[in-house]
Amino acid sequence: MNMMELSANQFLGLLPSTIGLSLPNLEELYLGDNRLTGVIPCSITNASILTILNMGPNVLTGAVPNFGNLRLLKRLLIEENNLTGESSGLELRFFSSLTNCRYLELIEVSLNQLNGILTASIGSFSISLQVFRTFGCHIKAAIPDEIGNLSSLADLYSDSNQLTGFIPRTLGKLRCLQRIYLEYNKLDGFIPAELCQLSNLGDLYQSNNMLYGSISTCLGELKSFRRLYLDSNQLESTVPLNLWNLKDLLEVNLSSNSLRGSLSSEIKNLKVVNQLDLSQNQFTGDIPSSAGSIPESLGNIRSLESFDLSYNNFSGLIPKSLETLNYLKYFDVSHNRLEGEIPVGGHFANFTA
C-alpha cells in the first residue's frame with residue numbers, strides 16, 4: 001500500500017502504536033478532519049518513505065515526536081490538535097529534527113499548544129520549504145535571524161503567538177516571500193526597510209504589535225502589494241505619498257497609530273481598494289473630494305466597501321463625490337471636526353446615523 005486516505009470522517013480513538021511498523025511501504029497518509037485522540041505513535045518514524053503526513057485537525061495530544069527519520073517527507077500537517085512541545089525546556093526540538101527532511105516543502109503545525117521557542121535550527125530547514133505555518137501555538141521569544149536562509153519560502157504565518165524582539169532584517173533575503181503574517185504578537189522596533197526588497201510581497205500583516213517609527217517610503221514601491229495591515233502599533237509619521245499609487249491594493253488598515261498630516265488627494269489612485277481604515281490617528285485637514293472616486297469606465301471593477309476615518313482631526317465637509325461609491329457598505333467619520341451637510345445620494349440614503 002502506497003497511500004492511505006481516511007480524511008474527513010468521524011473516526012474516534014487512538015492510533016495503533018505499531019502504525020509505522022505495519023505500513024513500511026506507505027508514502028502518503030491522510031488522517032485529517034477526524035476525531036482521533038491520544039498521541040502520535042513514535043513508530044510513525046519507521047514509515048521511512050513517507051512523503052505526506054496529514055494528521056490535522058484531530059484531538060491528538062502529547063509531545064510532537066522526532067520526525068527526523070522521515071527523510072523523504074515533503075508535507076507535514078499536524079495543525080489544529082492539542083499537541084505540545086517537549087516536557088522539559090522551551091526548545092522545540094522536533095523542529096530541529098525536521099532539518100533531516102531535505103525535501104520538505106510545507107510545515108503546518110498551527111493551533112497547537114507548543115509553548116516553546118524557535119531556535120536557529122530553522123535556518124537549516126530544506127531549501128525547498130515554501131510554507132511555514134505556526135500561528136496560534138504560544139511560541140515565545142524572538143524570530144531567529146537564520147530564517148533568512150529559507151530561500152524558497154513564500155508563506156510565513158506566525159501570527160497570534162508571543163513573539164518578541166525585532167522583525168528580522170534577514171527576511172529581506174527571501175525574494176520568493178509573498179505573505180508575511182506576524183500580527184498579534186509582542187514585536188517591537190522599526191518595520192525593517194529590508195522588506196522593501198521583497199518584490200513579490202502581496203500580504204503584509206503586522207497589526208497589534210508594538211512597532212514604532214515611520215512607514216518606510218520604499219514600501220510604496222512594492223507594486224505586488226494587495227493587503228497592508230499595520231494597525232494597532234505605535235507608528236508616528238506621515239503616510240508616504242507613493243503608497244497611494246499602489247493601484248492593485250485591495251485592503252489597507254493603518255488605524256490606531258499616531259500617524260499625522262493631511263490625507264493626500266493621491267488616495268484616488270487606489271482604484272480597486274475595498275477596505276480602507278485610517279481611524280484613530282492624528283490626521284488633519286479636509287477629506288479629499290477625490291478620495292475613492294471611481295471613473296465611470298471602471299464601474300465594473302471592485303471598489304471601496306469599507307471607509308473609516310473616525311477619531312482623527314479632519315475638518316471641512318464630507319465630499320459629495322462620495323455618493324458615487326456604488327459598493328460602499330460601511331462609512332465612519334465620527335469624532336472629527338467636520339461640518340456642513342451629510343451627503344444624501346447613493347448609499348448615503350440608506351445609511352443609519
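Predicted model: local features only at pLDDT ≥ 70, side-chain atom pairs only at ≥ 80, totals over all residues.
Colleague: Which strand gives the largest share of the lining of the largest pocket?

Modeller: The largest pocket holds about 410 Å³ of space. Of its 16 lining residues, the closest to the centre are Phe331, Val333, Ile342, Thr352 and Ala353. By class, the lining has 9 nonpolar, 3 polar and 4 charged residues. The largest share, 3 residues, comes from strand 26 (residues 330-332).

Colleague: How many charged residues are in the lining of the second largest pocket?

Modeller: The second largest pocket has a volume of about 180 Å³. Its lining includes Asp145, Arg169 and Glu194. Beside 7 nonpolar residues and 1 polar residue, the number of charged ones is 3.

Colleague: Which cysteine does the disulfide join to Cys196?

Modeller: The structure holds 1 disulfide, with S to S 1.9 Å. The two cysteines are 22 residues apart, with Cys196 in the loop between strand 15 and strand 16. The partner, in the loop between strand 17 and strand 18, is Cys218.

Colleague: Is Cys196 buried or exposed?

Modeller: The cut-off for buried is under 20% relative accessible area. Cys196 has 17% relative accessibility, so the residue counts as buried.

Conventions: Residues numbered from 1 in each chain as written. Heavy atoms only, no water. 1 Å grid on protein atoms, 1.4 Å probe; cavity = no way out; pocket = protein on both sides within 12 Å on 5 of 7 lines; lining within 4 Å. Points joined across faces, edges and corners; volume = space filled by probe spheres on them. Helix = DSSP H or I, 4+ residues; strand = E, 2+ residues; numbered from the N terminus. Nonpolar A, V, L, I, M, F, W, Y, C, P; charged D, E, K, R; others polar. Disulfide = S-S within 2.5 Å. Buried < 20%, exposed > 50% of the residue type's maximum accessible area, 1.4 Å probe, protein only.
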